[in-house]
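Please read them with the structure open beside you.

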Amino acid sequence: MCDRISTYKRICLFLIIALILCTLTACKGGAMMTDKTGRIRLESGLFILENSKIRVSIDRSAGFIGSIENLITGMDFKKEETGAWPFSIRFGENDQKCSITKNTTSEVKQYKMWADETTSYLDLYYDDIKLDWNGGSTGIKAVSHFEIGADKEYIMTSVTFDLGSASGDISSVTFFEGG
């Protein structure tokens with residue numbers, strides 16, 4: 001009897017470990033993860049913010065907004081490869097540009113998805129916003145914040161900067177530049 005129970009426990013433990021490993025591997029490989037409402041999901045390297053009226057895709061690694069589609073009209077309001085979306089900044093004495101673009105060297109290091117009854121939220125965390133011209137460090141940390149409501153035809157976005165170890169000041173911030 002003890003041998004059967006011990007064997008049963010080993011099999012259950014093995015199945016639990018296998019399930020955990022498969023889940024972790026699937027998530028790393030681009031499987032779908034979602035907030036509790038389903039309005040924000042991570043799928044194949046893209047964050048998708050979506051309700052019945054709008055769909056927005058955001059690149060997981062850079063935080064670049066690739067498309068904004070009105071689901072009622074079918075119109076796409078953004079050229080996929082262009083512009084500084086969601087933001088660009090001017091930085092330092094020489095007013096150097098730092099942008100979140102399709103080819104940015106700034107990387108999203110962490111993200112957080114959550115929701116309440118009416119709104120879903122996504123925060124993207126950058127440890128170091130990079131200069132456009134050479135990919136050099138600025139020391140600026142940033143959090144890019146997105147919200148999508150259950151029945152809204154738009155998303156809301158904001159950005160918070162931490163200049164703690166920055167080598168200069170921000171002279172301007174531009175949202176949705178070009179594209």
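This is a predicted model: local features need pLDDT of at least 70, side-chain atom pairs count only at pLDDT 80 or more; totals for chains, interfaces and linings use all residues.

1. Strand β9, residues 119–126, runs antiparallel to strand β10, residues 141–149, and the two are joined over eight bridges. β10 also pairs with strand β11, residues 155–162, in the antiparallel sense and over eight bridges. Between β10 and β11 lie five residues, and the two strands form a hairpin.

2. A further element to examine is an open sheet of three strands, in which the order is β7-β6-β12 and the pairing is antiparallel. Its edge strands are β7 (96–99) and β12 (170–177), each of which pairs on one side only. On average, and with direction ignored, neighbouring strands of this sheet are turned by 20 degrees against each other.

3. Within that sheet, strand β6 (residues 84–91) and β12 pair in the antiparallel sense over six bridges.

4. Turning to charged side chains, the structure holds seven salt bridges. Side chains of opposite charge can pair when their charged atoms come close. Which residues are linked in a network of salt bridges? They are Arg-41, Glu-43, Glu-50, Arg-55 and Glu-69.

5. The side chains of Arg-41 and Glu-43 meet in a salt bridge at 3.0 Å, N to O; Arg-41 is buried, with a relative accessible area of 16%, whereas Glu-43 counts as partly exposed at 32%. The side chains of Arg-55 and Glu-50 meet in a salt bridge at 2.9 Å, N to O; here Arg-55 counts as partly exposed at 29% relative accessibility, and Glu-50 counts as buried at 16%.

6. Another salt bridge is formed by Lys-130 with Asp-128, and their closest N and O atoms are 3.1 Å apart. Is Asp-128 buried or exposed? At 16% relative accessibility Asp-128 counts as buried, because the cut-off for buried is under 20%. Lys-130, at 21%, counts as partly exposed.

Key
Residues are numbered from 1 along each chain as its sequence is written. Side-chain values use heavy atoms; hydrogens and water are left out. Two strands pair if DSSP finds at least two bridges between them. Helices (H or I, at least four residues) and strands (E, at least two) are DSSP runs, numbered from the N terminus. Axes are lines fitted to C-alpha atoms, for helices over the stretch in contact, and angles run from 0 to 180 degrees between N-to-C directions. A salt bridge is a side-chain nitrogen of Lys or Arg within 4 Å of a carboxyl oxygen of Asp or Glu. Buried means under 20% relative accessible area, exposed over 50%, partly exposed in between (1.4 Å probe, protein chains only).
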